[in-house]
Amino acid sequence: MEFNCLKFMCLLQLLSSLILVLASSIEASVPSTASAEIISRFQHYLQINTAQPNPHYYEAVDFLISQAKSLSLESHTLEFVQGKPLLLLKWPGSTPDLPSILLYSHTDVVPSEHHKWVYPPFSAHIDDDGNIYARGSQDMKCVGMQYVEAVRRLKASGFQPLRSIYLAFAPDEEIGGEDGAQKFAQSEIFDQLNVGVVLDEGLASPGENYSAFYAERSPWWLTIKATGAPGHGAKLYDNTAMENLLKSIESIRRFRASQFDMIKGGLMAEGEVVSVNMVFLKAGTPSPTGFVMNLQPSEAEAGFDIRVPPTADPESLEKRIAEEWAPASRNMTFSFMHQVTVYDKSGNRLITKTDSSNPWWTLFEDAIQKAGGKLGKPEIFPAATDSHHFRKRGLPAIGFSPMANTPILLHDHNEDLQCNGQLRLTDINFDLLFLNQDEYLKGIEIYESIIKAFATYVENGGNKESKAEL
Ligand SMILES: *[C@@H]1O[C@H](CO)[C@@H](O)[C@H](O)[C@H]1NC(C)=O
Ligand SMILES: *[C@@H]1O[C@H](CO)[C@@H](O)[C@H](O)[C@H]1NC(C)=O
Ligand SMILES: [Zn+2]
């Protein structure tokens with residue numbers, strides 16, 4: 001009896017502590033009014049359908065202008081190509097001669113296959129765990145709005161930047177950025193902004209560390225073509241187009257395996273190796289029922305998506321292509337459908353330094369730490385972003401999206417790709433999920449810290465705070 005009674009008391013205690021735990025977790029998951037407003041603004045931006053190939057750019061720009069007005073920021077809509085607005089917001093610094101800070105983001109998102117989504121991609125649905133589901137939640141409407149919210153907080157705190165701060169919301173990143181970032185970075189307007197440093201997108205990371213990117217791999221889209229004497233399908237003879245092409249494919253496969261082994265063996269990160277993937281194979285003589293089966297064709301062609309890190313040796317790779325992958329001695333030719341250089345205007349590699357020689361990097365690292373964030377080892381972005389348009393000008397650009405503890409789940413369907421050959425692989429694969437609202441709110445504090453550090457930094461002393469940070 002006594003024993004039973006004790007047991008009962010234990011149960012009661014357990015129950016009451018459970019209720020307490022439950023109550024506190026409910027409290028924690030109900031955001032304050034300010035947070036609720038921040039999240040609701042983020043949802044609003046996410047709900048605007050800016051999916052390629054028909055993004056509602058003006059709707060996004062109108063919404064962002066209304067945000068700019070509420071913050072008394074100057075706004076300019078630039079249209080390098082008609083129908084593709086780039087919105088530029090300005091928070092003037094008190095020392096406007098100092099190089100400015102550019103907070104860059106793109107407004108478009110990749111198309112979605114609606115039926116594969118748990119929640120519709122423009123619903124911005126928030127589930128019980130606080131996960132916000134939308135196309136663009138990770139790439140990269142989160143970052144664009146986090147900049148805005150960080151500015152809002154800084155303004156509310158009475159902060160005054162020394163350097164001018166620009167926020168750019170650009171179109172068309174998902175289809176290569178030619179009519180967006182590229183034209184912007186090459187414009188006179190851009191020259192006048194006197195930009196000193198650029199922040200652009202990174203990737204979510206599943207662990208506690210934030211990811212940051214100091215470079216990206218350059219796409220080389222290679223086609224190789226073999227020719228050879230046609231002949232009967234029953235005859236064995238040397239130097240057919242198919243045989244010549246297959247020799248190349250074997251050689252390319254060996255190279256691919258050697259690169260992949262370095263990742264598998266933990267010697268290199270994904271962005272540090274040259275990746276090569278065969279993306280098409282074109283050969284055969286068509287017949288009404290498919291292909292002629294007893295004829296060896298005179299031509300055969302294959303296409304490869306190669307990604308070259310700026311740390312690689314592009315000259316030796318080109319030599320390998322010419323001598324091993326498509327040698328003229330084997331009656332082969334090659335051409336690039338697209339080949340992005342790994343060098344900037346002055347012949348330097350497209351790399352933003354991540355050591356003490358780059359004060360922006362030091363400020364960036366310290367600012368994240370100050371705000372309670374953890375930064376992993378800086379990486380090379382495995383695919384392309386708009387950052388390279390700025391690095392090409394010789395500007396430091398850091399790829400960063402403050403999303404830790406956030407899964408990057410791979411999407412195994414690639415129907416999106418077929419809509420537009422220019423779509424970027426990472427965007428297709430990585431932006432299908434959600435972002436947790438707490439992670440989003442935390443990211444705003446991180447940006448607040450970074451912007452503060454960047455905007456008060458003075459190169460040759462003069463500013464105590466930034467000196468202390470260095
Ligand atoms: C290349 O083409 C020429 C002319 O068709 C042919 O004589 C030669 O055998 C071919 N060589 C190879 C390696 O395919
Ligand atoms: C986080 O980053 C630090 C510094 O680069 C590193 O030492 C640590 O191993 C990282 N942690 C994880 C879980 O990756
Ligand atoms: Zn993106």
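Biologist: How many helices and strands does the secondary structure of the chain come to?

Modeller: This is a predicted model. In it, the secondary structure of the chain comprises 14 helices and 19 strands.

Biologist: Which residues does the UniProt annotation "binding site" cover?

Modeller: According to the unreviewed UniProt entry, the annotation covers His-106, Asp-139 and Glu-201. These residues span 96 residues in sequence, yet no two of their C-alpha atoms are more than 8.8 Å apart, so they gather at one spot.

Biologist: Where does Asp-139 lie, and is Asp-139 buried or exposed?

Modeller: A residue is buried if 20 or more other C-beta atoms lie within 10 Å of its own. Asp-139 has 31 such neighbours inside 10 Å and therefore counts as buried. Its place is the loop between strand E5 (131-133) and helix H4 (141-156).

Biologist: Where is the place of Glu-201, and which residues does Glu-201 touch?

Modeller: Glu-201 is in the loop between strand E7 (195-200) and strand E8 (212-216). Because Glu-201 has 24 C-beta neighbours inside 10 Å, it counts as buried. Leaving aside residues up to four places away in sequence, Glu-201 touches Ser-105, Asp-139, Met-140, Val-143, Thr-385, Gly-399 and Ser-401.

Biologist: What percentage of the residues of the chain count as buried?

Modeller: Of its 470 residues, 42% count as buried. Among contacts between residues at least 6 apart in sequence, 78% join residues at least 24 apart.

Biologist: Which residues surround ligand 2?

Modeller: Ligand 2 is surrounded by Gly-207, Glu-208, Asn-209, Lys-374, Gly-376 and Lys-377. This shell has three polar residues, three charged residues and no nonpolar ones.

Terms used. Residues are numbered from 1 along each chain as its sequence is written. Chains are lettered from A and ligands numbered from 1 in the order in which they are written. This is a predicted model: local features need pLDDT of at least 70, side-chain atom pairs count only at pLDDT 80 or more; totals for chains, interfaces and linings use all residues. A residue is near a molecule or strand if its C-beta atom, placed from the backbone, lies within 6 Å of it. Ala, Val, Leu, Ile, Met, Phe, Trp, Tyr, Cys and Pro count as nonpolar, Asp, Glu, Lys and Arg as charged, and the others, Gly among them, as polar. UniProt positions are given in the numbering used here, feature names are shortened, and annotations may be inferred rather than shown by experiment. Helices (H or I, at least four residues) and strands (E, at least two) are DSSP runs, numbered from the N terminus. A residue is buried if 20 or more other C-beta atoms lie within 10 Å of its own, exposed if 12 or fewer, and partly exposed in between; C-beta atoms are placed from the backbone. Two residues are in contact if their C-beta atoms, placed from the backbone, lie within 7 Å.
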